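Biologist: I would like a close look at one part of this model and at whatever surrounds it. Please take me through it step by step, with the cut-offs as you go.

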Amino acid sequence: MISYRTLKEEEISRELFRHFIRRQVVGKCLRREGDKWIEKDDPFIDDWSEEDYKTLICCLKNTVKTGGFVYGAFEDGMLKGFVSVESKRFGGENQYLDLTSIHISEDRRRRGIGKALFLKAGRWAREKGAKKLYISAHSAVESQAFYRAMGCVEASEYQRSHVEAEPYDCQMEYALVRENESEYPFEEGCFAESTV
């Protein structure tokens with residue numbers, strides 16, 4: 001059974017990720033050509049080095065320290081997925097909060113963990129007054145399929161720092177406020193006791 005909970009700054013360490021498998025085998029990616037996104041062959045394996053883990057840990061600790069949200073999915077006490085959202089709003093009308101990471105361990109993908117983490121991040125962002133989540137999303141076709149299935153679309157405003165840091169990422173947004181409130185996917189109690 002998967003359990004979910006907010007992560008504390010002091011527990012975010014290399015040990016937390018001991019059983020986490022970042023590995024992603026990528027075959028095709030989306031690349032922007034003019035005003036269209038085109039699927040291109042771009043095979044590679046995406047994984048984290050020890051230096052990448054150090055950077056990740058530093059970033060996640062900073063997210064917590066600055067009032068952001070870091071939420072984890074655990075199986076038998078081992079981290080199997082996590083999501084983070086920064087606390088500072090930006091963009092026109094300060095409408096965005098930045099979903100800076102969402103990752104599921106390779107051995108637990110396609111089991112609904114990503115969806116649960118994404119929805120919890122959206123709920124948190126909405127409670128903080130954001131109208132949209134901003135996502136600088138990996139361009140792998142599989143990653144893009146996940147975001148599209150969640151209802152994400154191309155961002156109406158691009159955050160320059162994200163584009164400069166990751167020029168191949170797809171800049172996306174997810175509306176947290178809908179005209180018809182019945183379209184809003186966050187059900188009361190769907191994270192009660194933090195288990196699914």
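Modeller: Let's start with strand β6, residues 96–104, which runs parallel to strand β7, residues 132–137, and is joined to it by 4 bridges. Strands here are DSSP runs of E with at least two residues, helices are runs of H or I with at least four, and both are numbered from the N terminus. Two strands count as paired if DSSP finds at least two bridges between them. Within this pair, Leu99 faces Ile135 of β7. Helix α1, residues 50–65, packs on the sheet and touches β6 together with β4 (69–75) and β5 (78–85). The direction of α1 makes about 55 degrees with that of β5. Helix α3, residues 141–150, packs on the sheet as well, touching β6, β7, β8 and β9 (170–175). Its direction makes about 20 degrees with that of β9. Touching, or contact, means heavy atoms within 4.5 Å. The angles, on a scale from 0 to 180 degrees between N-to-C directions, come from lines fitted to C-alpha atoms, for helices over the stretch in contact.

A word on what you are looking at: this is a predicted model, so local features need pLDDT of at least 70 and side-chain atom pairs count only at pLDDT 80 or more, while totals for chains, interfaces and linings use all residues. Residues are numbered from 1 along each chain as its sequence is written, and side-chain values use heavy atoms, with hydrogens and water left out.

Now the whole sheet. It is open, with mixed pairing, and its 7 strands follow the order β1-β4-β5-β6-β7-β9-β8. At the edges sit β1 (2–6) and β8 (153–154), each of which pairs on one side only.

From there, move to β4. It is antiparallel to β1, with 5 bridges between them, and Arg5 stands opposite Gly72 of β4. β4 is also antiparallel to β5, this time over 7 bridges, and Phe69 has Val85 of β5 as its bridge partner. As for solvent, 7 of the 7 residues of β4 are buried, where buried means under 20% relative accessible area, exposed over 50% and partly exposed in between (1.4 Å probe, protein chains only). Both faces are covered: Phe69, Tyr71, Ala73 and Glu75 are buried on one side, and Val70, Gly72 and Phe74 on the other.

A salt bridge, by the rule used here, is a side-chain nitrogen of Lys or Arg within 4 Å of a carboxyl oxygen of Asp or Glu. Both partners count as buried, because the relative accessible area is 13% for Glu75 and 19% for Arg108. Arg108 also has a salt bridge to Asp107, at 3.8 Å, and Asp107 is partly exposed at 26%. Glu75, Arg108 and Asp107 belong to a salt-bridge network that also includes Lys80.

(Lys and Arg count as positive, Asp and Glu as negative; His and chain ends are not counted.) Its side chain makes polar contacts with the side chains of Thr63, at 2.7 Å, and Thr100, at 3.0 Å. A polar contact is a pair of N or O atoms within 3.5 Å; within protein, one must be able to donate a hydrogen and the other to accept it, and residues adjacent in sequence count only if both atoms are side-chain atoms. Beyond four places in sequence, the contacts of Glu86 include Leu97, Asp98 and Trp124.

Asp98 leads us to His162 in helix α4 (residues 160–165): their side chains make a polar contact of 2.6 Å. His162 counts as buried because its relative accessible area is 17%. Setting aside residues up to four places away, it touches Asp98, Tyr134, Ser136 and Gln171.
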